[in-house]
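Take a look at the structure below. The paragraphs after it lead you through it step by step.

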Amino acid sequence: MSRRPARAEHPRGPGGDATADRVLTLPNLISFVRLLGVPLFLWLFLVVEADVAAIVVLAVGGTSDWVDGWIARRLGQVSRLGELLDPLADRLYILATLLAFTAREVVPWQFTAALLARELLLLGSLAVLRRHGYGPPPVHYVGKTATFLLLAAFPVLLLAAATTSVTATTAAAIGWGLAWWGLVLYWVAGAMYVVQAARLVRAARRGAAA
């Protein structure tokens, strides 16, 4: 991680032009569409209670998490905006789904509180890094795996809550298995970010003292 305003080099597109500051790219468009899915899901789930449609929106928004990043690397369209939009969309999906699920008692409030506590921990770390001139840490594969597991778990848990057959029992077992593993890895990733932030802060203080 580097201090701002210094930026890491970004891949160049096929034509050789740097894409770090581009906005109108296909990956960014996908990320914007994913963001629009958040209020759509909340409206379907909380207002009209169209659970089947909400499951579809949630499944598409969650499983498409890797699509924008894959296309960005494939087409050489990695951009700073895309690097910010992708984790933002992931966090909004997770937070919106948790709050909506808690409101309709699909998940217990303790599970929601555990995930929200991790987000508060990360926000505190980011604030400390910003005070020392650092930007947000790069996304770690452990964090991406945790996000994938959580986003995969939510539509399965919703399916379990929306049905009353053997399918519900199976879906609940699968959904909670994914959810608990996602929660554990989410905290592991959070701890890794805190350790990384602490090392950077110590290095910055040593540099200032020297």
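How do the axes of helix 2 and helix 6 cross, and within what distance do they come? The axes come within 8 Å and cross at roughly 165 degrees. Here axes are lines fitted to C-alpha atoms, for helices over the stretch in contact, and angles run from 0 to 180 degrees between N-to-C directions. Helix 2 and helix 6 are therefore roughly antiparallel to each other. That term covers angles over 145 degrees; under 35 counts as roughly parallel, 65 to 115 as roughly perpendicular and the rest as oblique.

Contact means heavy atoms within 4.5 Å.

Now for the whole chain. This is a predicted model, where local features need pLDDT of at least 70 and side-chain atom pairs count only at pLDDT 80 or more, while totals for chains, interfaces and linings use all residues. Residues are numbered from 1 along each chain as its sequence is written, and side-chain values use heavy atoms, with hydrogens and water left out. The chain has 7 helices and 0 strands. Helices (H or I, at least four residues) and strands (E, at least two) are DSSP runs, numbered from the N terminus. Of the 210 residues, 42% count as buried. Buried means under 20% relative accessible area, exposed over 50%, and partly exposed in between (1.4 Å probe, protein chains only). Among contacts between residues at least 6 apart in sequence, 81% join residues at least 24 apart.

Follow the chain to helix 5, residues 109-131. Its 23 residues reach 33 Å from first C-alpha to last, close to the 33 Å expected at 1.5 Å a residue. The expected span is 1.5 Å times one less than the number of residues. Buried residues in helix 5 include F111, L115, R118 and E119. T112 also lies in helix 5. T112 counts as buried because its relative accessible area is 4%. T112 touches L98, T102 and V107, leaving aside residues up to four places away in sequence. After helix 5 comes G133, with a positive phi near 85 degrees.

V106 counts as buried because its value is 15%. Leaving aside residues up to four places away in sequence, V106 touches F45, F101, L157, A161 and W176. V106 and A161 are 55 residues apart along the chain, yet their C-alpha atoms are separated by 6.4 Å.

One last feature is the backbone. Most residues other than glycine have a negative phi. E105 has a positive phi, near 60 degrees. E49 has a positive phi of about 55 degrees, although it is not a glycine. E49 lies in the loop between helix 1 (26-47) and helix 2 (51-63).
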